[in-house]
Amino acid sequence: MIIESRFPSSTSLDVVGIGNAIVDVLVQTDDAFLQTHELQKGGMALINEQQAESLYKASGPGLETSGGSVANTMVGIAQLGGRAGFIGRVRNDQLGEIFSHDIRAVGARFDTPAATSGATTARCLIYVTPDAERTMCTFLGASTQLEPEDLDLSMVRQAKVLYLEGYLWDSPPAKRAFIAAAEVCRESGGQVALSLSDGFCVERHRESFLNLVNGHVDVLFANEVEIMSLYETDDFETALKQVSGCCKVAALTRGAEGSVVLSGEQRFDIGIVSLGDLLDTTGAGDLYAGGFLHGYTQGDSLERCGQLGALCAGQVVTQLGARPQVSLMQLAATQLP
């Protein structure tokens, strides 16, 4: 079902995302490796460049692929046929070239100039254990040096939705860029979407995130752990009651239990889509957001938005890595006609 347009007709981009520009290094390993290196299974730890190099050397063979949570979401939107743009900072190094090539190759717009000095391009070591759980160690590098001056505000003004990554709140310069872009988007008639990113990220910035959710964010994405952490409860239904009405839409994922989409008094419980064996959960939330936002900017009903998100997430967990290796557009055409 298509509903009345949510956005001004003058927009030329569906979604513009601002986030960390990261190259992922995916390594299949076991729990013993995590224990040896004192890594918390399923968590995301911020590490420095020296730690990144040390862990990389200790790891087995890896698959290098462009990543970054919001960048993955933009790739999903572009693969579905949407008009996506990304703003993020890389260095003029090998990893920066890999990132830039990969996101442009799928049709997403990426115009942020590469930095010629400062930290190297960000990378994330992702350890995937046999149960498909992923443990991430991230060196944020150049991505944390994103400044308001790096923003292409003309791109932001063209967006129906500006999608922001909660991880940016860890960097004061990126946080300033985040706020500046959100103000411009709102002034231009667009909507602001936010991903809470990670449970530990929520713990670090709970007060700020609560302020954002209460009136400054139109569409909120979070998983079960993140939304319960935001409201300091161990009960998912209690968290739902707390977030209901705080923003226009909340899309909350629950892993194997699917997702819940809230809007005012409306609630839609969305089941998972199983397309094969579970191999790697990296990017599942990112691709859920990609499918949801694509449907949202095309005027689909919220229930269908959730279904499209579930379909995209269901595909990416059957492969290694967070960038879909099949045509999402064809998948949606056959699975959600």
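Let's start with Tyr163, which is buried (under 20% relative accessible area, with a 1.4 Å probe and protein chains only), as its relative accessible area is 2%. Keep in mind that this is a predicted model, where local features need pLDDT of at least 70, side-chain atom pairs count only at pLDDT 80 or more, and totals for chains, interfaces and linings use all residues. Residues are numbered from 1 along each chain as its sequence is written, and side-chain values use heavy atoms, leaving out hydrogens and water.

Now look for the partner of Tyr163. Rings of Phe, Tyr and Trp (its six-membered ring) pair if their centres lie within 6.5 Å; planes under 30 degrees apart count as stacked, over 60 as edge-to-face and the rest as tilted. The ring centres of Tyr163 and Phe221 are 5.6 Å apart with planes at 80°, so this pair is edge-to-face. Tyr163 sits in strand β9 (residues 159–165) and Phe221 in strand β11 (residues 219–223), 58 residues apart. Strands here are DSSP runs (E, at least two residues) and helices are too (H or I, at least four), numbered from the N terminus.

Phe221 also counts as buried, at 5% relative accessibility. Phe221 makes another edge-to-face pair, with Phe292: 5.5 Å centre to centre and 85° between the planes. Phe292 lies in helix α11, so this pair ties strand β11 to a part 71 residues apart in sequence.

Terms used
Buried means under 20% relative accessible area, exposed over 50%, partly exposed in between (1.4 Å probe, protein chains only).
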